[in-house]
Amino acid sequence: MTKLILYWLAWSLGWNESSATTSSGFGSDQLVPTRMRNNLEAMIRLFSTLLFFIVICSSLTDWLNPLVATDRYWLALPAALWALQTIFRPSVPMDSASISTGLWCFAPYLPFFLINPTDIPLFSLLWQMGGFIVLLTFGLARDIRKETKSDAA
């Protein structure tokens, strides 16, 4: 169990175990090379992973319950950081690294679905899902506009 927790924490910081080479010459499943996550994206993923484990611990004990009560919005902080990056750093493209970071912001809600679905902070989750869709659309439109301007020039 400890090995799994350490693996998840390392994965959230950007560590990838080396994949086996294939006979096709491509070393991974992706034909297009992806960019490495920036430091803010790594911190957001780590923060989401830590909140994931805190929610699991609070579901099993009463010690951390005030931290993740349904009227608290701590679980949406990683998504807020991702939103700020998406809006205020147009140099970061809306690629697989950015989208996967945005999706990983939903990780703190996963234990609610697995352990006790009646305690889901639904209002926070719905706002976060709507914001993710709007920001994903915004980022993709921004990147498409950037590409069309560079092709026209």
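**Confidence and helix packing**

Mentor: Let us start with confidence, since this is a predicted model: the mean pLDDT of the chain is 81, and 78% of its residues reach 70 or more.

Trainee: In which helix is confidence lowest, and in which is it highest?

Mentor: Helix α1, residues 2-12, has the lowest confidence, at a mean of 72. Over residues 19-26 the pLDDT is below 50, and this stretch has four contacts in the model beyond near neighbours in sequence. Where pLDDT is low, the predicted coordinates should not be read in detail. Confidence is highest, at 94, in residues 77-88, which form helix α3.

Trainee: What does the secondary structure of the chain come to, and what share of its contacts joins residues at least 24 apart?

Mentor: From the N terminus on, the elements run α-α-α-α-α-α, which comes to six helices and zero strands. Of the 153 residues of the chain, 32% count as buried. Taking contacts between residues at least 6 apart in sequence, the share that joins residues at least 24 apart is 73%.

Trainee: Are α2 and α3 roughly parallel or roughly antiparallel to each other?

Mentor: The axes of α2 and α3 come within 9 Å and cross at roughly 165 degrees, and the crossing is left-handed. Since an angle over 145 degrees counts as roughly antiparallel, the two helices are therefore roughly antiparallel.

Trainee: Which residues make that contact, and how do they divide by class?

Mentor: On the α2 side the contact is made by Leu-40, Glu-41, Ile-44, Phe-47, Ser-48 and Leu-51, and on the α3 side by Leu-77, Pro-78, Leu-81, Trp-82 and Gln-85. By class, the residues of this contact of α2 with α3 divide into eight nonpolar, two polar and one charged.

Trainee: How does α2 lie relative to α4, and what classes of residue make up their contact?

Mentor: The axes of helix α2 (residues 39-60) and helix α4 (residues 96-104) come within 9 Å and cross at roughly 25 degrees, which means that α2 is roughly parallel to α4. The crossing is left-handed, and the contact is made by Glu-41, Ile-44, Arg-45, Ser-48 and Thr-49 of α2 with Ala-97, Ser-98, Ser-100, Thr-101 and Trp-104 of α4. By class, this contact of α2 with α4 has three nonpolar, five polar and two charged residues.

Trainee: Is Glu-41 buried or exposed, and which residues does Glu-41 touch?

Mentor: Glu-41 has its place in helix α2, and because its relative accessibility is 0%, Glu-41 counts as buried. Leaving aside residues up to four places away in sequence, Glu-41 touches Arg-35, Gln-85, Val-92, Ala-97, Ser-98 and Thr-101.

Trainee: How do α3 and α6 lie relative to each other, and how do the residues of their contact divide?

Mentor: The axes of α3 and helix α6, residues 122-152, come within 10 Å and cross at roughly 20 degrees, which makes α3 roughly parallel to α6. The crossing of α3 and α6 is left-handed. The contact is made by Ala-79, Trp-82, Ala-83, Thr-86 and Ile-87 of α3 together with Gln-128, Phe-132, Leu-135, Leu-136, Phe-138 and Arg-142 of α6. The residues of this contact of α3 with α6 divide into eight nonpolar, two polar and one charged.

Notes. Residues are numbered from 1 along each chain as its sequence is written. This is a predicted model: local features need pLDDT of at least 70, side-chain atom pairs count only at pLDDT 80 or more; totals for chains, interfaces and linings use all residues. Side-chain values use heavy atoms; hydrogens and water are left out. Axes are lines fitted to C-alpha atoms, for helices over the stretch in contact, and angles run from 0 to 180 degrees between N-to-C directions. Helices (H or I, at least four residues) and strands (E, at least two) are DSSP runs, numbered from the N terminus. Angles under 35 degrees count as roughly parallel, over 145 as roughly antiparallel, 65 to 115 as roughly perpendicular and the rest as oblique. A crossing is left-handed if the near helix is turned anticlockwise from the far one by less than a right angle, and right-handed if clockwise. Contact means heavy atoms within 4.5 Å. Ala, Val, Leu, Ile, Met, Phe, Trp, Tyr, Cys and Pro count as nonpolar, Asp, Glu, Lys and Arg as charged, and the others, Gly among them, as polar. pLDDT is the predictor's confidence in each residue, from 0 to 100. Buried means under 20% relative accessible area, exposed over 50%, partly exposed in between (1.4 Å probe, protein chains only).
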